[in-house]
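Hi,

Here's the structure I promised to pass on. Have a look at it first, and my notes on what turned up follow below.

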Amino acid sequence: MVRRRPDLTALCVATVFFWLSLTPSLVPRPWILQGVVGGITAVIGYALGATLAGLARLLPWRPRAASGRAVRLRGAQAYWLLAPALTGWLLSESADMQRRLRRLQGLPPSVTWHGVMIALVAVALCVLLLLAARLVRLGTRRLIRALGGWLPRPVAVAVGLALAGAIVTVGVRDVVFDRGVVDVADRIAAATDRGTKEGVTRPRSPYVSGGPGSLVRWQDLGYQGRNFTGTVPTRRDLAAFTGGPARDPVRVYVSSRLPRAFAARGDEDEPFRAQARLAVRELERTGAFRRRVLAVAGTTGSGWVDSNVAQALEYLHGGDTAIVAVQYSYLPSWLSLLVDEEKAGKATRALVDAVRARLDTLPAGARPRLVVTGESLGAYAVEASYGSVDELLAATDGGVLLGTPGFSPATRRLREERDPGSPVWRPQYRDGRHVRVAQFPAVDLRRPAGAPWARPRLVYLQNASDPVVWWSTDLLFERPAWMDEPLGPDITPEINWFPFVAFWQTTVDMAVSYGVQAPHGHRYGSAAVDAWAAVVPPDGWGEQDTRRLRTYLSGRKAPY
């Protein structure tokens, strides 16, 4: 029944799971999210404990009723005496662990850690989830009882369980998720996509989408497209830094809101090919194929392109660059991953193919150097366009990928095939001949020491504490390699893996991965300067120039 008192065994296991959730993970957590993690893991523990208690009741041996009641009474007394005291102590210890983690990642050690509120949030969430589960169980029992009047008991149980499972599945998936979470997030994202960030204005440069003569209207670019094209540095900005001649950079962007002339005409991939054709026409209009470097940028779920990555390349080459990107969705990356994952690879692959085909029509000596870049889901989109590191290197002049998710195909294979002795958070691949992985590029890109670094070059910027890099459903039941010794430079030795717990901790970590400063969490800052300087350096560029540009971009506020 819904009002039945909690099972003591389940309550004990739930409490232990809550205690385990207090251990630190990849990045510092706010107290309210700690409460959410604690509540979710506690209810998982309760379900596990209730299952074990139910199985124990099936055993043929049972204690006498009187002794059983005495054991339960003593157990309950011990629980209510010890659990609150241990919980309070562990909450205090968890605050100390959070302070040590903050100090390790360059944050002020002070932390607001409301132990009582953490416990209350966890208990409230756990109770709500348990109440929902018990209501489902009660409804299932009544359904089976009703079916029992028409069907034999075994058949009624089977049919009732099947119907209840179908109702819950449809309700959660179609009503709660699709019509609830997805619809609300879609409306919010659509409203945002129609807006423009304060301070961002239509570009005056004819070399930018949305500017004079553009084939793409400013109002059709979407929120992230307007951010990308409306904040391009001018020739004057670049010349002021370089102290020499500069050019107005080319930035081409095609949003997912295609003009009617480019609507789908037959198959589901046609919109992506239409985007790519329009992007190539924009590249031709702006003279992008006569620039020194042409970069194809994968975008995140919302269509975002990292301004630090774009500006690092443009300042490096004095504006003699072109960057092209297409948007496949305006949804947040976490939701786009769930509903638009295939679109990321298809849209970027169509763009890559169209750009490559146009480059192949040019004389070999008159082509710009083709590079690729992307961050987070944008890096996944780039990798999905090629399939493997070898294919990417064979088709381009290099690339810079940042915070690549663990499910990305090429990255996963790179980690699995890393050289013996190199940790998964800093994998060495084939002696670093073409591919190198860095968190601190000024140092990491020199590894392995003395080994030749041939061209083309591919740089992965990967923070050891980036939850986007390490999130996986495998965390539910399998200890990850990134928790093995030696740990990454910004991971606390107090981190540990527990079934279910580590998964929810890392899931929540993704939500707060921007709450730290580069190079920690999902923040990469100006590290792209070192990466681009290694992949496509201009003539005469040296380490002093790299340090100067890195300092310059680090001291500026990102335009969006």
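This is a predicted model: local features need pLDDT of at least 70, side-chain atom pairs count only at pLDDT 80 or more; totals for chains, interfaces and linings use all residues.

Residues are numbered from 1 along each chain as its sequence is written, and side-chain values use heavy atoms, with hydrogens and water left out.

Now the rings. Phe, Tyr and Trp rings (for Trp, the six-membered one) pair if their centres lie within 6.5 Å; planes under 30 degrees apart are stacked, over 60 edge-to-face, the rest tilted. That gives ten aromatic pairs. Y79 and W80 are edge-to-face, because their planes sit at 85°, with the ring centres 4.9 Å apart. On relative accessible area (buried under 20%, exposed over 50%, partly exposed in between; 1.4 Å probe, protein chains only), Y79 is buried at 13%, while W80 is exposed at 58%.

F477 and F500 are also edge-to-face, at 5.3 Å between centres and 75° between planes. F477 is exposed at 61% and F500 partly exposed at 22%.

Ring pairs also join F241, Y315 and Y552 into a cluster. F241 has the charged end of R548 over its ring, 4.1 Å from the centre (the rule: NZ of Lys or CZ of Arg within 6 Å of the ring centre and within 35 degrees of the ring normal). Likewise, R349 lies over the face of Y386, 5.7 Å from the ring centre.

Cheers
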